[in-house]
Amino acid sequence: MQQRKDEQETTAAKPTLRFVEKTVKDVLVNKGRLAEVPYTATLGDTMNALVANKKTALPVAAPPGQWIGAGGSMILESDKQTGAVRKHYIGMVTMLDIVAYISDDDNQTVGGDVRGDANLERKMTVPISSIIGRSFEGLSLWTLNPNTSILECMEIFSKGIHRALVPMDSQMENVQGVELVESASCYKMLTQMDLLKFLNDHSSELGEILSSSIKEIGSLNQNVYAITDQTKVIDAIKCLKTAMLNAVPIVKSSNDIKDHTQLVEGKGRKPIGTFSATDLRGCHVSALQTWLPLSALEFTELVSSSPLFAAKERVSTPKEIVSCQPDSALSEVMEKIVSKHVHRVWVVDQQGLLAGVVSLTDIVGAVRVSLLSKMDIM
């Protein structure tokens with residue numbers, strides 16, 4: 001009996017073994033060329049580039065020898081034949097960097113008068129190089145060797161790193177994992193979303209963890225903060241900046257909430273929308289000037305009807321609540337993330353009240369732990 005049980009476990013573990021032998025290079029097979037912006041691009045130009053490339057972050061390129069890269073990094077693009085350096089990637093600008101800059105109260109007065117519209121127009125013309133590093137993630141720029149194992153990649157992305165540049169013809173020998181120094185003729189971007197899509201595509205090789213609930217595997221984060229349906233867009237932006245969050249649920253107001261300019265405890269409240277930094281990237285300055293005084297809920301309704309969202313297939317709108325329950329299977333949550341292209345799923349109880357949130361970081365970490373436990377069995 002014991003021998004038969006051991007044979008069954010070995011047979012079940014074979015797909016897992018095949019999966020853990022994969023590398024970062026396998027994840028990037030269908031990934032397109034790297035999109036970037038020059039260091040001289042304005043904030044407005046960069047927001048347009050984010051929309052055009054359907055990205056939430058872009059690397060910033062500058063001439064070599066003139067800049068110190070984010071976090072002391074030295075990530076260079078060089079000619080494949082001669083080795084001559086063509087450009088230096090000095091950092092990664094994210095929507096959270098942009099949100100932090102837009103919400104900055106510095107220089108809000110011009111000639112003694114508050115001129116919000118003029119100030120916003122001015123901000124849209126600043127070079128993007130001056131905005132890098134306003135969010136925690138923007139303080140560093142990482143590369144990830146293409147030969148890095150899938151398990152090591154998952155470990156890195158389960159610790160808060162959301163994206164990394166991958167040198168497709170690295171000149172660094174015998175290197176795996178993340179690096180701050182790199183030289184290559186071609187890079188691709190690997191993100192947490194790329195990794196999650198890869199996991200979802202190879203679900204048959206991941207084993208029984210996919211049928212486990214998010215609560216069972218420890219992916220449910222019960223700390224969830226929210227804004228109310230009375231929070232203004234400008235205050236919602238400031239909340240994202242202060243808490244370094246990319247998105248927050250919008251909840252119904254109640255008598256116990258006195259200050260609608262600050263984040264509130266979301267647990268036990270009814271979500272009616274989502275306010276995300278990503279939703280701001282398609283806003284032209286004229287529209288943003290009009291929308292800043294509105295409530296965040298009104299903003300989501302306006303953005304939801306925008307052609308920028310209507311043109312995207314299978315993508316959720318800010319007005320839609322992408323949610324699950326604590327006993328939802330991990331496979332169901334992963335499918336929602338991939339099909340709706342969201343970076344978190346709100347967790348609600350049977351009454352539809354917030355019970356927490358599940359992020360890409362939570363899922364990647366849980367799947368990695370499961371794979372490692374199977375490796376121990378083998």
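The model is predicted: local features require pLDDT of at least 70 and side-chain atom pairs pLDDT 80 or more, while totals for chains, interfaces and linings use all residues. Residues are numbered from 1 along each chain as its sequence is written, and side-chain values use heavy atoms, without hydrogens or water.

**Nonpolar cores**
- A nonpolar core is a set of buried Ala, Val, Leu, Ile, Met, Phe, Trp, Tyr and Cys residues joined through side-chain atoms within 4.5 Å; buried means under 20% relative accessible area (1.4 Å probe, protein chains only).
- The largest core holds 43 residues, of which L43 and F275 touch the most other members.
- Elements that each supply at least two residues of this core include α3 (43–53), β4 (85–94), α4 (95–102) and α8 (233–243), where helices (H or I, at least four residues) and strands (E, at least two) are DSSP runs numbered from the N terminus.
- Another core, of 42 residues, lies apart from the largest one and has V27, C324, A355 and V364 among its members.
- Beyond its neighbours within four places in sequence, F275 is in contact (heavy atoms within 4.5 Å) with residues including V233, I237, L240 and F299.

**Helix pair α4 and α8**
- The axes of α4 and α8 come within 9 Å and cross at roughly 120°.
- The contact is formed by L96, V99 and A100 of α4 with I237, L240 and K241 of α8.

**Cysteines**
- The count of disulfides (cysteine sulfur atoms within 2.5 Å) is zero.
- C239 is buried, at 5% relative accessible area, and C324 is buried at 5%.

Note on methods: Buried means under 20% relative accessible area, exposed over 50%, partly exposed in between (1.4 Å probe, protein chains only). Axes are lines fitted to C-alpha atoms, for helices over the stretch in contact, and angles run from 0 to 180 degrees between N-to-C directions.
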